Amino acid sequence: MGITVIGMVTVVFFLLRAIPGDPATYMLGDYATVESVAALKAELGLDRPVWEQYFSFVRRALTGDMGTSVVTGQPAFAEVIQSIPWSAALSISGIVIAVLVGVPMGVMSAVRQGTFADLFVMLGALIGISFPVFWVGLVCILLFAHEIRLFPALGASSSSDIFTQVHHLMLPALVLGFSVAAYIARLTRSAMLEVLGQDFVRVARAMGIPERRIVYGLALRNALIPVLAVIGVTFAWSLGSAILVEAVFSRPGLGSMILKAVFARDYQLVQAGVFVLASAVVLVNTTLDIVYGLVDPRVSVS
Amino acid sequence: MKKITGAFALLVSIALITIPAGAAELRVRIGSDVGNLDPARIFGIENQTVASHIYNGMVKYDQATNKILPDLATSWSISADGKVYTFKLRDGVMFHKGYGKLTADDVKFSLERVLDPASKSRYAGQLAGVKTVEAPDPLTVRVTLEGPNGGLLNKLTDFNQGWITSRKAVTKIGDKKYAMQPIGTGPFIFDKWLAGNQVRVVANKDYFGGAPSLDAVTFRIIKDETAAAIALENGEIDVFFALQSPPVIDRLKKASNVTVLNRVANHTINLVLNQTVKPLDDILVRKAIAYGINREALIKGYFKGTKATGYSVITSSFPQYTESLPQYKHDPAKAKALLKEAGQEGFTLELVTVGLSPYNQLVIPIASDLEKVGIKTKITVLERGAYLQARGKGDIMTCITGIVGPPDPDSPLVSLYATKSFPPGMNTSRYNKVDDLLASAAAEQDPAKRTGIYQQIMSNTMEDVPVLPLYADQLFLAHGNNVKGLVQNSLFTIQAYPISLSK
C-alpha cells in the first residue's frame, strides 16, 4: 500500500523534472536575466543533480514536510489540505449517486434482458459513456441554471449556509454521478446475466424460491463482487473526471489545483497533490478489498 | 431523498466558508487563481487586479485618460539636469492591519527591494538607471538617476514595481510568505485567499481618499466563460472581468440586465521575425510577410471584430498614438512580387507559438494566408514553459509575443526593439536600429518633443518590420446593471474603489 504511494510520488518527481521549462524561468517571465534565473534556481535547489534533489525531497517528506510552493511561498501541504474537502464532497457524492443509480439499473436491465426497458437503460448508459462530462456539464448549466433556473451556474458557494452549499454541489455531483453510473450499470448487467445463467440459480428457481429473493438475495450478492472491484477503479477515474467537472462548474479541488501547479511548474505543490491523490486511491481500494470479505466469505483479509 | 440530502450536508459541512451576510459585497469573476501579490514578483492580470485594490503608488494613472496624477506623493519637482526627482509624500497615510504610518523610508525600501538582485524581482529592469533612493525626512523622497529619464514617473505609477509596501510588514511577515499576506495603503485590505475558489478584500475605512462605498470585494475564480456569463445574468456575480470569447460577448450584449464595456488596451499581439535566421534578415522578405497576412480578415473573421487594428505597438490608449506610419494593407500580389525580388519564393517559415488560446489558433489563418503568396509554413505549438525556454534561446524563426503593461511607451518599445532586451528578453528579432532614438527619448524633458521621438521610433520600426503587430487588444468587461460608477481602464485590471451597488 505504502509502496504504491511512494512509487507514484517518485515517478511524478522525475516526470516533472523531465518537462521542458523550469520554475525559475516561469516565475521570472519575460524580463528575466541570466543571473536572476541562475540565482533563483540556486535558491530553489534546482541547480543540483536530480537524484540529489530527490533524496533531499524524500528526507524532508519523511518528516512530513512537503516543501513550500514556489509561487505563493506558503507550505504546499496547506494548499492541498484546503482543496481536499471540495474534492471529497464531489467525488463521494458522485460515486454515491453512481452506485444508487447504476446498480439498480443494471439489475433491472439484466432481469428484463431484451425488453424495451433493457434497451432504454443500455442506450442511456451508452450516451453516458460516450458524451464527455465537460460537455454534459455545460449543457446542464444552460438547461438547469439558465432555461429552468433550478440550480446555480456556479458549482461552489461561498455561503456558510449548508443548504446553499448542497444546492451548489447538486448539479456537478449529478453530472459526475451519471457519467460514472453508466459504467456501473453496464458492468452490473453483464455480471448479473452471468450469475443468473448459473446452475445454482436454476436449482433455486426449481425449488420454487420467489424470483425476488433469487435476484436480490442470491444473484446480486454474487454479481456484486466484480462490481465492487470496478467501483474502486471508477473512484480513481472519477477523480480524473472531477477535474473537468471542477473546471466547468468553477469548483476548487485537488485536480484543478494539481493542473494549475503543473502549468506553473510548482513542483512542490504537484508532489504534495499527487501524494494525497495516490493515497486516496490506495485507501479506497484497500477498503474495498476488505469489503469483499463481507460480501464473499471465500475472500479473507490476510 | 431526505437521507441523501442529509448525507450531502454532512459531506460538505467540512468545506464550510463563513462570510457575514447583508453587507455591500461586490462579486467579481476572475479567470484563474491568484498566487503572488508581492509587487516585486507579481505577474498575471488576476494578481494585478487584486493587488491594485491593496496598494498605492507614488503617482497613478487616471483610469479614463491615462494622465499621471498624484497618489501617495502630493507633489514633485525635477532638477534642471533631469537627474533628481524630489517627491513630497501625503501626510497621515496608514498601512493596513496596524503596520503604522507610511514614511519616506517605506518608499526607499520598496524601490530598493525591486532593485536588489537578492529579491529576484521581475521588474528590476524597469527601475534600471535609478542610482539612489534617499529619505532626507519622513515625508520627502529623493530619487537620483544615472542619467535623465523623462519616463521615470511612468515607472513609479501604481502598477507592479510602483506599488509601495511597508518595510515593517515585509520584514515581520517574511519575504516568501508576504506573497499571500500583502500589506498596503490602498482602499481595500487583504482578507483571505481560498485556493482555487476566491480571494476577498475588505474595505479600508481609514483610506486617505475616503472609505469605499463597498464593504468588501470577492474575486471568484470561474474558468469557463459561458458559465460566468450565465452566473452574471442570474445575478450570482456582479462583474465579469477578462471577458474574451466573441460568442459570449455577443450573448451578454443581448442580455437585458447586463452592460458590456469595451476599450482598446495597451496591448498588442505581434509576430516577431528573427533576423538572425535566413531569409528573415532580408527586409523584402519581412515586408512580403507583412503584406501577405490578411490582418483585417483575422480581426473581422476570427475575432468577430472584437480586436482593433495594430498600426504599431503603441495602441490608441497611449498619448503618443499615431496612425501616420508605414502600413501594410493586405496585398498578396505585392507580397509575391517582393518575394520574387528577394529571390526567396517558396522558402519555409516556421511559426512558433505557445499552446494557449487564441495564439495557437490564430497561427492557422496566418499560415494559410502565407501559403497563398508562396511561403511554405510549419506550425509549432509549445506548452508555455517550453515556449519560454525556446524563445529564450533565441534561435526560433518566429514567435508570437504579446506585449502587456501600463501606458508607458517604453514598455513596448524598449522590450521589443532595444538591443539590451535580448538576451534575455523579448527582442527575439535582434533589432538594433533605434537604440539612439530610445536613449534620446529618455533624455528629453519636454513631453511634446519626447512624443515626437517616440513617433519617429514607431515609424522606423514599422518601416523595417522586425515585428509585425497582428492586432491591438480590446478589453471587454461586463457588469450587472446594479453596479454603478465602474470606469474601465486600459490596463488589464479593474478598480472597485469608485463602485457602489444599487438594489
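Let's start with the sheet in chain B. Eight strands form an open sheet there. The order runs β8-β9-β10-β1-β11-β16-β12-β15. Pairing is mixed. Keep in mind that this is a predicted model.

Where are the edges? The edge strands are β8, residues 188–194, and β15, residues 398–403, both of chain B. Each of them pairs on one side only. From one strand to the next, the twist averages 20°.

Now one pair inside that order. Strand β1 of chain B covers residues 25–30, and β11 of chain B covers residues 239–243. The two pair in the parallel sense, over two bridges. If you want a place to look, take R29(B): it stands opposite F240(B) in β11(B). As a reminder, strands of a sheet pair through backbone hydrogen bonds, either parallel or antiparallel.

Over to chain A, and the helices. Take α5(A) and α8(A). Their axes come within 5 Å. They cross at roughly 35°, and the crossing is right-handed. What is the contact made of, by class? Between α5(A) and α8(A) there are 25 nonpolar, seven polar and two charged residues.

Next, α11(A). Why call α11(A) largely enclosed by the rest of the structure? Seven of its ten residues are buried, so the helix is largely enclosed. The cut-off for buried is 20 or more other C-beta atoms within 10 Å of a residue's own. The buried residues are L254(A), G255(A), S256(A), M257(A), I258(A), K260(A) and A261(A). Note that a lysine, K260(A), is on that list. And what do the buried residues of α11(A) pack against? They pack against α5, α10 and α12 of chain A, with α12 spanning residues 267–295. One backbone detail: just after α11(A), R265(A) takes a positive phi of about 55°.

Last, the contact between the chains. Chain A gives 57 residues and chain B gives 51 residues. Which elements of chain A give two or more residues to the side that touches chain B? They are α2 (23–28), α3 (34–44), α5 (76–111), α7 (133–147), α8 (162–196), α10 (211–248) and α11 (254–263). The largest share of that side, nine residues, comes from α5(A). By class, the side of chain A that touches chain B divides into 31 nonpolar, 20 polar and six charged residues.

Notes
Residues numbered from 1 in each chain as written. Chains lettered and ligands numbered in written order. Predicted model: local features only at pLDDT ≥ 70, side-chain atom pairs only at ≥ 80, totals over all residues. Contact = placed C-beta atoms within 7 Å. Helix = DSSP H or I, 4+ residues; strand = E, 2+ residues; numbered from the N terminus. Nonpolar A, V, L, I, M, F, W, Y, C, P; charged D, E, K, R; others polar. Pairing = 2+ DSSP bridges. Axes fitted to C-alpha atoms, helices over the stretch in contact; angles between N-to-C directions. Left-handed = near helix turned anticlockwise from the far one by under 90°. Buried ≥ 20, exposed ≤ 12 C-beta atoms within 10 Å, placed from the backbone.
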